[in-house]
Amino acid sequence: MIQSRAALLLSILCGSSCGYAATITECQDMLRTGKYVECLDAASAAVDRRSYGEEWPMLKATAETHLGHYLQAAQTLEAGIARYSWSVRLRMLAYENATTLGDTDRAKLMIQELEQVASAAPWRYTDADDLVALGKAAIVIGVDPKDVLEGFYGRAQRNYKSRPDGFLAAGQLAIDKGDLALASETLRPAAEQFPDNPEICFALATSIQAVEPEKAAELWEHTLTVNPNFAPTQLHLAKKQIDAEDYAAAKETISEVHRINPWHPEGHALQAVIHHLKNDPIAEAVSHSRAIAFSPQSPAIDYLIGERLSRKYRFREGAAFQQMALQTDPAFLPAKTQLAQDLLRLGEDERGWKLADGAQKQDKYDTTLFNLMQLKNDLDKFATRTTDQFVIRMRASESAVYGDRVEELLTTAMAELSKKYGYTPSEKVVVEIFDRPDDFAVRTFGLPDVAGFLGVCFGKLVTANSPASQRENPNNWESVLWHEFCHVITLQMTDNKIPRWLSEGISVYEERQKDDRWGQHMSPVFRVRVQRGNVTPVSQLSSAFLNAKSGDDLNFAYYESSMVVEFIVQEYGFDALIAILNDLKTGLTINDALARHTGGLAELDAAFEDYLKSVADNFATGVRFNASSEDGAEPIPDVEGLEDPKNYTAGLKLAVRYVRAGETDRAIEKLQQLIELFPDDRSPNGARPLLAQIYERQNETALQMDVLAEHLQYSGDDLESAMKLLTLQVKAELWPEAALTGELVAAIDPLQPAAIRKFYTAAMKQHDTATALQALRGLLQLEPADAPRTHFQMATLLTEKDPSQARRHVLLALEQAPRYRDAHKLLLKLTAAADPATRQ
Ligand SMILES: [Zn+2]
């Protein structure tokens, strides 16, 4: 009230420039561009002048809301409704205002009145804004969202193409229901038509952030150029900063929000999250009480705080907040969905699925819940192996092929790593391996279509992609499970209070400790980065994961983190690493914990930089590379430059040129020089695989095998080379060697029938019945057409050890191939042996 009088007064006192009364469109523009005070002044003046139009009280109340004057907004809306008693839009705003104020009675009343006035004169409410208000009310009273989309928002979009409201409401509804594809489909054309509408740009960015992160970032930036006070983007930024552990920057961003609206509930909620993460319960309580100052009965704040904590892997605490939200409002769906996800990640499957199922019955349109229940359907069909320490779930057919290897690897990881870290998980660890990437993504991230992850660990639960889904880009799944299991230890040891970089760093470090071929290593690309000083300080490493702009960036973040761990262990001892983990558990921040056990953060930053630089300088010293992925790489030299004996990349090019020219001897000589120059090349396109190809063409099998075997000492993922070597070794009847290479092939892709047949042969030649049987079990799954022969082979192997199983297999062979003569013979033999009457 004070402001509106002041505005009136000003408009009387001032000269012509101030006396100008703004139009509705101008005031809408003020809102759009963040001039909330100006908008409030102008709208207040119009309301005081009794200018006609429901827009005036709407504009005024909206400006008041943006400024945090919630109670004044309530009065404005009440007065507006008194004057424009037919208005559905004012009532929708009043409903939203009442919800913000936690006034459920008034919120209910507004919806009832809205229904009454709308049904009394439906012909009156046909323009875009009214349709949107009616659609929102319909959602509140539980109309099927599909009908709302079509009947209200669709109509608003079709009939009023020049108004953004229908598009925005439809897009927002799709986002709320987790249908991001539909949301972006709706919002994309709208963003083209209304490029300077921050709300549409923001909603589009939200819907595409997972699939087009760069475009989304551009859109977010754009919203702030249009409206520097646009709170949704500021809050989004603050969330990102919290994710990156940049709490100082997040605090700064939140204070920007509070500069415009000192009461912004979400701003205070995020501040509470920061205090929680910094282990400051008193400050957290203060921020929490500010966040709910106007609306103590709203579940939204607890939901938001919990959801952000779960983002930081603090699932236990996150779940507690969702439970509080549900105490306030047992029907609050976002909290139910989030709690279900939290429980599933905590390994509390039964409760989690029950909750998800109930929530889906409450809202059939919610895509997240729909996807979750689809996943459950698939998971129910999985085979479960339960050991003393693990529950392992895989597709039954995959479990039969390589489930034993999974179990063995995890058991070894548990034994070795729990001993090393002095921590044994008290409950069974759940490991799920998915053959469908969408199942993995839904289980892991709550939404399908997230690519680029091999495995994820939540503390008690590990999810991983099966090698079946990684054929395009083969990967050593054993290294993945070792890495993820190591997260189990570090997450549980710290009650999930470990920052991402340290957890990743330890996992990669332990990969290398277990097998030198696993994990990230210094490479020509990394060497350039380090030598150019393109290294993130230890104290800011978590941001390196979040701000990675390319695969190389992310890979380097993993590598650098693992080198910090290596440096700490080398310089301060393994006990220092354990002490840091223990400190984190008690709530100390990572930088404080590091400082305590390494002699100061600044020194650590400097000493580590020197260390990493020395690793880079000692890597392929004097060797030049021209990798195209190197930023600012020197150009590939022209013909004369190729002769440079110290340039590895140029040398490879030259060798290829020799091969093409038929100068094989020169090519071999060059490649041998290159291997000597840079023996640590782990790449599948390096000198060794190329040399092996040449030997292959020359039928120099022994030399080819030697080079391939040497190459595979450095590479744990090169399926092609491993398969080639295995084939040659089987052909050369080098059985122990073949068995060893077979292990590597199975660690990359255990699901290849051709390879399994080779393991089988190698095992048989070495009289390793157990491995041979395992291979046959795999073939049975992968090549059902060949089942009679496989059953017969199994029966043969089991004749001595387990005649009854042998009989079973021979019968299975005959069931599918009744004229199988060898099987008949074996059956006779088995029957004779089993019949005591014929036994002497
Ligand atoms: Zn990891």
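1. Glu504 is buried, at a relative accessible area of 9%; buried here means under 20% relative accessible area, exposed over 50% and partly exposed in between, with a 1.4 Å probe and protein chains only. His483 is also buried, with 8% relative accessibility. Please keep in mind that this is a predicted model, in which local features need pLDDT of at least 70 and side-chain atom pairs count only at pLDDT 80 or more, while totals for chains, interfaces and linings use all residues. Residues are numbered from 1 along each chain as its sequence is written, and side-chain values use heavy atoms, with hydrogens and water left out.

2. Helices (H or I, at least four residues) and strands (E, at least two) are DSSP runs, numbered from the N terminus.

3. On the annotation side, an unreviewed UniProt entry gives "domain: Peptidase MA-like" for residues 413-599. That span is 57% helix and 7% strand, and its end C-alpha atoms lie 32 Å apart. UniProt positions follow the numbering used here, feature names are shortened, and annotations may be inferred rather than shown by experiment.

4. Now to Arg393, in strand β2 (residues 390-394). Arg393 is buried, at 17% relative accessible area. Its side chain makes a polar contact with the side chain of Asp349 at 3.2 Å; such a contact is a pair of N or O atoms within 3.5 Å where, within protein, one must be able to donate a hydrogen and the other to accept it, and residues adjacent in sequence count only if both atoms are side-chain atoms. Beyond four places in sequence, the contacts of Arg393 (heavy atoms within 4.5 Å) include Phe382, Val430 and Glu432.

5. Lastly, Lys177 lies in the loop between α11 (165-176) and α12 (180-193). Lys177 is buried, with a relative accessible area of 14%.
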